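Here are a few exercises on how two parts of one chain meet. Have a look at the model, try each task, then check the worked solution.

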Amino acid sequence: MKSRKKEPRDMRKSTKAIHAGEAEHSIYGEVSVPIFQSSSFAFPSAADGAARFAGEQPGYIYTRLGNPTVSALEENVAALENGYAGIATATGMAAVSSVFIAFLNQGDHVVSTNCIYGPSRIMLEKELVRFGVRSTFVDSSDLSNVERAIRPETKLVFVESPMNPSMSITDLRGAGEIAARHKLLYVVDNTFASPYLQRPLELGADIVINSLTKFINGHTDVVGGMIVTRTEENHKRLKKIVQTFGGTMDPHQAWLILRGVKTLPLRIERAQENAMKLADFLKSHPKVIWVSYPGLAEHPQHEIAKKQMDGFGTMISFGVKNGLEGGITVMNTVELITLAVSLGGVESLIEHPASMTHASLPREQREEAGILDELVRFSVGCEDFEDLREDLDQALGAIGD
Ligand code: PLP
């Protein structure tokens, strides 16, 4: 293979999505990175084996510790996030838990967004508390809440923006300045935007997490996660934790996601165009009470979104008439749009957080996080806009007056 003209860090983002991580030296001139489906890698000699274990020689040992196909994906996403390096994990939650395990000790305190992905909140609130880690959840769209929640024992700030499912936005640079002032580790879950639209490491984050299950893979057929750090030091710490605790990625999984990431820019551009038009359509629909989409000028953090994102994304939340009943009617009446959780795939998915993903949260916690009974969460896909509009229109029409 010809040597590359450009290093991935010098490529523009659509080029990175296609080329970052591709094999420097192929065996047969293969264009696609092969699946290295092997758990172990032979050493040329005992001395080479010893040197690899000592970290003095590059080369693979055992797939839990590293695998060439997985490395290609790590290089790709790290390039998209403009980070030092990436660590692929079995799922997005394995990425979240690895970060907490790596950096939190007994007695530490975490300040987090009150509208984070449910299992991330459960991990902090119900599981890590067993090990003496406490957490405070605040509406981080108002940064004074973040500042106020910091205690002497606070160690880490964990933010998700856009938030799930309210679609509120946190000023990522502002939250980073607060974290830096208090010398706290600043971690951002970038799943709802993806590095194509938002790069938190450029806005002050130390660590960025993505559930690859969503936009980066984009085809609703694989789960996976990725941790990208800004520094070598944090990368080394996390690598040790992921290798030891075992939440690593399988090469076949990595290969499928490598295939998906190449079209990330095309998929997002198309779905985002649909999302903007659908948000406008919903706004004027008689059965819709409100629409939360960062691309709408009336979204409370529209200006911040404009500043920190390259586009407004593909996720819309909206409130329908008749509360819980209205939401459930839409779920049962859509025909083309699939009633399923998850997001970021080529197909449009719809769900009703109050009766599904967030039903286990106490009502008062749900309402505090903006998860009202009437809220419908819509992950807009790449279908034809007119087909999506027609389907939503007929489903909304089924809501009684
Ligand atoms: N973070 C966010 C914002 C998510 O939406 C999800 C999954 O929906 C996760 C993390 C967890 O990812 P996974 O399901 O791949 O474990």
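**Exercise 1.** Find the domains of the protein chain in this predicted model, then say how far apart their C-alpha centres lie.

*Solution.* Start with the domain assignment: domain 1 covers 8-261 and domain 2 covers 264-397. Next, take the C-alpha centres of the two, which lie 27 Å apart. Then count who takes part in the contact: domain 1 brings 40 residues, and domain 2 brings 35 residues.

**Exercise 2.** Work out how much area domain 1 and domain 2 bury between them, and what share of it is on carbon and sulfur atoms.

*Solution.* The buried area comes to about 3,100 Å². Of that, 59% sits on carbon and sulfur atoms.

**Exercise 3.** Count the salt bridges between domain 1 and domain 2, and check the pair Arg199 and Asp310.

*Solution.* The count between the domains is two salt bridges. For Arg199 and Asp310, look at the closest N and O atoms: they are 2.8 Å apart. The cut-off is 4 Å, so a pair like this qualifies as a salt bridge.

**Exercise 4.** Tally the polar contacts across the interface, then describe the side of domain 1 that touches domain 2.

*Solution.* First, the polar contacts: 17 residue pairs, both partners at pLDDT 80 or more. Next, the elements giving two or more residues to the domain 1 side are α1 (13-19), α5 (118-127), α7 (172-181) and α9 (251-261). Of these, α1 supplies the largest share, three residues. Last, sort that side by class: 17 nonpolar, 16 polar and seven charged residues.

Notes: Residues are numbered from 1 along each chain as its sequence is written. This is a predicted model: local features need pLDDT of at least 70, side-chain atom pairs count only at pLDDT 80 or more; totals for chains, interfaces and linings use all residues. Side-chain values use heavy atoms; hydrogens and water are left out. Domain bounds come from an automatic or database domain assignment. Contact means heavy atoms within 4.5 Å. Buried area is the accessible area (1.4 Å probe) that two parts lose on being put together, summed over both. A salt bridge is a side-chain nitrogen of Lys or Arg within 4 Å of a carboxyl oxygen of Asp or Glu. A polar contact is a pair of N or O atoms within 3.5 Å; within protein, one must be able to donate a hydrogen and the other to accept it, and residues adjacent in sequence count only if both atoms are side-chain atoms. Helices (H or I, at least four residues) and strands (E, at least two) are DSSP runs, numbered from the N terminus. Ala, Val, Leu, Ile, Met, Phe, Trp, Tyr, Cys and Pro count as nonpolar, Asp, Glu, Lys and Arg as charged, and the others, Gly among them, as polar.
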